Amino acid sequence: MTKIIGLTGGIGSGKSAVAQLFITHGVPVYIADVEAKKLMQSQTILKKIKIIFGDSVFDDKKINRAKLAAIVFKEPEKLAQLNAIIHPAVHEHFIKWVKKHRDYPYIIKEVAILFETGGEKYCDKVITVVAPASLRLQRVIKRDNATEEAVLARMNNQWTDEQRILKSDFVIENIDFEQTKQEVDEILKVLNNL
């Protein structure tokens with residue numbers, strides 16, 4: 001049976017870069033955030049979001065992600081309501097995706113808030129990517145052209161690295177990319193012998 005390896009880490013930790021390293025090694029990777037964005041375009045989910053958030057988060061019948069983020073990262077109850085819409089849809093989509101990849105000994109599921117949603121209980125092993133908060137902050141400000149305040153609001157809605165590390169099987173410190181590559185190679189050796 002295909003094993004599920006969770007890949008997580010705080011915003012700006014470099015999860016996506018690590019996911020790409022696994023992909024280059026031929027490991028199928030499900031990137032939950034990318035799939036969630038696609039699923040959020042379905043009429044069923046758009047209707048549910050409109051009921052809770054109204055027209056203010058829509059521009060021309062499309063969700064304005066910046067407006068939605070500005071609300072949910074300041075109001076935890078609104079974030080919980082959004083997650084209650086999105087997470088079940090992503091979980092259902094992921095189960096179908098795993099079935100399509102059942103010939104692989106293991107797959108990677110990359111998800112930012114794995115522990116926050118209890119997703120680790122569906123994983124055979126968990127990899128956490130960490131980096132200093134100051135570096136993560138710089139990366140996200142540069143990547144998203146975001147304000148420090150907006151990035152910190154998102155960081156504050158996630159678990160700390162210390163919390164994640166306690167529940168993880170592997171930890172990748174993603175500061176120097178060459179070192180990160182070596183750490184991925186070491187993890188692959190273990191995963192290939194599961």
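Colleague: Which residue in β5 stands opposite G6?

Modeller: The model is predicted: local features need pLDDT of at least 70, side-chain atom pairs count only at pLDDT 80 or more, and totals for chains, interfaces and linings use all residues. Residues are numbered from 1 along each chain as its sequence is written, and side-chain values use heavy atoms, with hydrogens and water left out. In β5, the residue opposite G6 is K109.

Colleague: Over how many bridges do β1 and β5 pair?

Modeller: Strands (E, at least two residues) and helices (H or I, at least four) are DSSP runs numbered from the N terminus. Two strands pair if DSSP finds at least two bridges between them. For β1 and β5 (residues 106–110), the sense is parallel and the number of bridges is five.

Colleague: What is the bridge partner of L7 in β6?

Modeller: β6 (residues 125–130) runs parallel to β1, and five bridges join them. Within β6, L7 has as its bridge partner I127.

Colleague: How many of the seven residues of β1 are buried?

Modeller: Buried means under 20% relative accessible area, exposed over 50% and partly exposed in between (1.4 Å probe, protein chains only). β1 spans residues 3–9 and is largely enclosed by the rest of the structure, because its buried residues number six.
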